[in-house]
Amino acid sequence: MLAWLSIRAIFLYRTFAPDSVRQRCRYAPSCSAYAISCLRRYGFVRGWRLALSRIRRCRPPYGGRDLPPTS
């Protein structure tokens, strides 16, 4: 339930956040797509832990391809 609400909140962010904010992600897939993937795969607690870790890394000079870890 909490993971589902989080995913909905991320979709709202994608809809209403300005392009200048959403286009800053240095990774492929974007941080929001990564967060959705983690929430679906690992659930609320571990999914957000991985997503927030990724968001902290998403700043210069980092970047590149970064996918959720496999079990």
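Start by selecting Ser32. Its relative accessibility is 14%, so Ser32 counts as buried, the cut-off being under 20%. Keep in mind that the model is predicted.

Now place Ser32 in its element: the residue is found in helix 3. Show what surrounds the side chain. Setting aside neighbours within four places in sequence, Ser32 is in contact with Ile10, Tyr13 and Arg14.

**Helix 3**

Select residues 31–42, which make up helix 3. The end C-alpha atoms of this helix are 16 Å apart, and its 12 residues should span 16 Å at 1.5 Å a residue, so the two values agree.

Next, colour the buried positions of helix 3. They are Cys31, Ser32, Tyr34, Ala35, Ile36, Cys38, Leu39 and Tyr42. What do these buried residues pack against? Their partners are helix 1 and helix 4.

Step just past the end of helix 3 and stop at Gly43. Here phi is positive, at about 90°.

**Helix 4**

Move on to residues 44–57, the 14 residues of helix 4. From first C-alpha to last, helix 4 reaches 20 Å, close to the 20 Å expected at 1.5 Å a residue.

Pick out Gly47, Leu50, Ala51 and Arg54, which are buried in helix 4. Then turn the view to look down the helix axis. The buried residues fall within an arc of 95°, so they line one face of helix 4.

Which elements lie against the buried residues of helix 4? Select strand 1 (27–28) and helix 3 (31–42) to see them: the buried residues pack against both.

**The largest pocket**

Finish with the largest pocket, whose volume is about 340 Å³. Its lining has 14 residues. Select Tyr13, Arg22, Cys25, Cys31 and Ser32, the lining residues closest to the pocket centre.

Which elements give two or more residues to the lining? Show helix 1 (2–16), helix 2 (19–22), helix 3 and helix 4.

Last, colour the lining by class. Nine residues are nonpolar, two are polar and three are charged.

Notes
Residues are numbered from 1 along each chain as its sequence is written. This is a predicted model: local features need pLDDT of at least 70, side-chain atom pairs count only at pLDDT 80 or more; totals for chains, interfaces and linings use all residues. Side-chain values use heavy atoms; hydrogens and water are left out. Helices (H or I, at least four residues) and strands (E, at least two) are DSSP runs, numbered from the N terminus. The expected span of a helix is 1.5 Å times one less than its number of residues. Buried means under 20% relative accessible area, exposed over 50%, partly exposed in between (1.4 Å probe, protein chains only). The arc is that of the directions from the helix axis to the C-beta atoms. Contact means heavy atoms within 4.5 Å. On a 1 Å grid over the protein atoms alone, a cavity is a set of points where a 1.4 Å probe fits but cannot get out, and a pocket is an open set with protein on both sides within 12 Å along at least five of seven lines; lining residues have an atom within 4 Å of a point. Grid points are joined across faces, edges and corners, and a volume is the space filled by probe spheres set on the points. Ala, Val, Leu, Ile, Met, Phe, Trp, Tyr, Cys and Pro count as nonpolar, Asp, Glu, Lys and Arg as charged, and the others, Gly among them, as polar.
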